[in-house]
Amino acid sequence: MPATPITTPLTGRLLSLDFLRGFIMVLLAIESTGIYDYLNDHSKGQVFNHFTIQFTHHPWHGLHFWDLVQPAFMFMAGVAMAFSLTKQWENGVTWKQSFKKILKRCGLLFFWGVFDYAVRPKGLSFELWDVLTQLSFTTLVAFLIFRWSNLAQVGVCVGLLLLTEVLYRFTNMPGFNMPFTDQHNFGNYVDIILMNKINKGGWVAINCIPTAVHTIAGALVGKLLINGKNQLRTLMILGLICLVIGFGLDEFGITPIIKRIATTSFTIVSLGWCLWFLALAYWWVDIKGHRKNLTFFTVVGMNSLFIYLFFEIVGDRWFTGYITFISNGVLSWVNAGELIKALVAATCVFGLEWLMCYFLYKKKIFFKL
């Protein structure tokens with residue numbers, strides 16, 4: 001008989017949730033040091049490049065491992081929401097009070113998401129492509145339907161995906177009537193209306209519509225884990241169904257897998273992988289009870305908002321460069337090669353960021369919205 005899942009008394013959430021969210025944030029923090037791009041650029045034409053390229057976004061039609069990080073981030077937010085709301089309502093908090101908290105949270109997420117991209121060398125910029133901005137929308141949608149039946153919430157997810165298909169396929173705006181072509185799709189058209197610009201990388205603001213499915217699904221899974229002792233098989237089966245449907249849509253030429261505009265096939269496939277990631281963590285941590293060495297990840301996961309804003313705003317504009325200059329300067333005294341310099345600099349930057357999270361963790365300081 002499988003062991004009863006273990007919860008952490010500090011948060012009331014499954015340990016696997018904090019671990020997985022921490023794992024995602026660790027990957028993002030390492031990415032902010034620039035080491036992934038460095039290794040990918042300097043391994044082109046080599047066998048090792050088949051590995052390093054997985055830590056970059058696919059240029060358009062296709063799927064890399066790194067394309068799954070944002071969906072996992074938004075999916076975990078939904079799972080955490082289920083545990084948080086359940087705890088609130090068990091403690092007598094009313095729906096109206098929870099709604100006010102969610103509105104405040106979404107407002108702050110939107111603010112920080114816009115602020116993250118706002119300050120540019122050439123002046124201020126208004127952009128809606130940050131994950132926090134998108135999460136502000138998906139969180140609100142997931143909350144508003146949280147008390148609906150599971151079937152009704154699944155219906156909303158299907159409706160959001162169908163809406164995405166209709167918008168891209170049938171709006172036919174001049175110059176933006178090619179559904180799955182970069183710079184000429186409906187998402188680009190909406191960006192011109194909202195921001196008077198198009199993202200050169202192909203990202204679009206209305207990704208928040210299909211990716212709301214990730215947060216809604218996360219909330220559904222959270223309720224599933226709260227109500228059931230062992231839902232490993234359910235998670236695996238649901239994940240398999242999503243993978244088959246998503247890859248099937250792409251394989252039969254119905255809808256291509258494109259992360260940058262969050263096509264229906266991409267959304268479903270990435271949800272399938274998210275379910276399997278959570279199932280693996282749930283099995284290893286909560287069912288098998290492997291708690292050792294989780295602190296490395298959980299200290300980051302429990303302050304995910306702080307560390308994300310730190311490496312996106314402070315790190316990107318000052319901290320990373322400053323530490324890199326010091327590290328490279330010291331290593332130049334011993335004539336270290338460029339690879340050694342890049343690895344040491346990335347390790348120093350990430351190590352200091354982790355230590356900040358560890359300090360906050362030890363002081364029981366947790367930044368939450």
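Helices (H or I, at least four residues) and strands (E, at least two) are DSSP runs, numbered from the N terminus. The model is predicted: local features need pLDDT of at least 70, side-chain atom pairs count only at pLDDT 80 or more, and totals for chains, interfaces and linings use all residues. Residues are numbered from 1 along each chain as its sequence is written, and side-chain values use heavy atoms, with hydrogens and water left out.

A cavity is a set of points where a 1.4 Å probe fits but cannot get out. A pocket is an open set with protein on both sides within 12 Å along at least five of seven lines. Lining residues have an atom within 4 Å of a point. Points are joined across faces, edges and corners, and a volume is the space filled by probe spheres set on them.

One cavity of 30 Å³ or more was counted. The largest cavity holds about 40 Å³ of space. Its lining includes Thr164, Leu167, Tyr168 and Ile261. Helix H7 (150–170) and helix H9 (208–227) each supply at least two lining residues. H7 gives the largest share, three residues. By class, seven of the lining residues are nonpolar, two polar and none charged. Here Ala, Val, Leu, Ile, Met, Phe, Trp, Tyr, Cys and Pro count as nonpolar, Asp, Glu, Lys and Arg as charged, and the others, Gly among them, as polar.

The second largest pocket has a volume of about 1,000 Å³. It is lined by 37 residues, and Glu31, His57, Tyr117, Tyr308 and Glu312 are the closest to its centre. Helix H13 (304–332) is among the elements that give two or more residues to this lining. The largest share, seven residues, comes from H13. The lining has 16 nonpolar, eleven polar and ten charged residues.

The structure holds five salt bridges (a side-chain nitrogen of Lys or Arg within 4 Å of a carboxyl oxygen of Asp or Glu). In one of them, glutamate 127 pairs with lysine 197, with the closest N and O atoms 3.6 Å apart. Glutamate 127 lies in the loop between strand E2 (123–124) and H6, and lysine 197 in the loop between helix H8 (186–195) and H9, so the pair ties together parts 70 residues apart in sequence. Relative accessible area (1.4 Å probe, protein chains only) under 20% means buried, over 50% exposed, and in between partly exposed. Glutamate 127 is buried at 9%. Lysine 197 is partly exposed at 27%.
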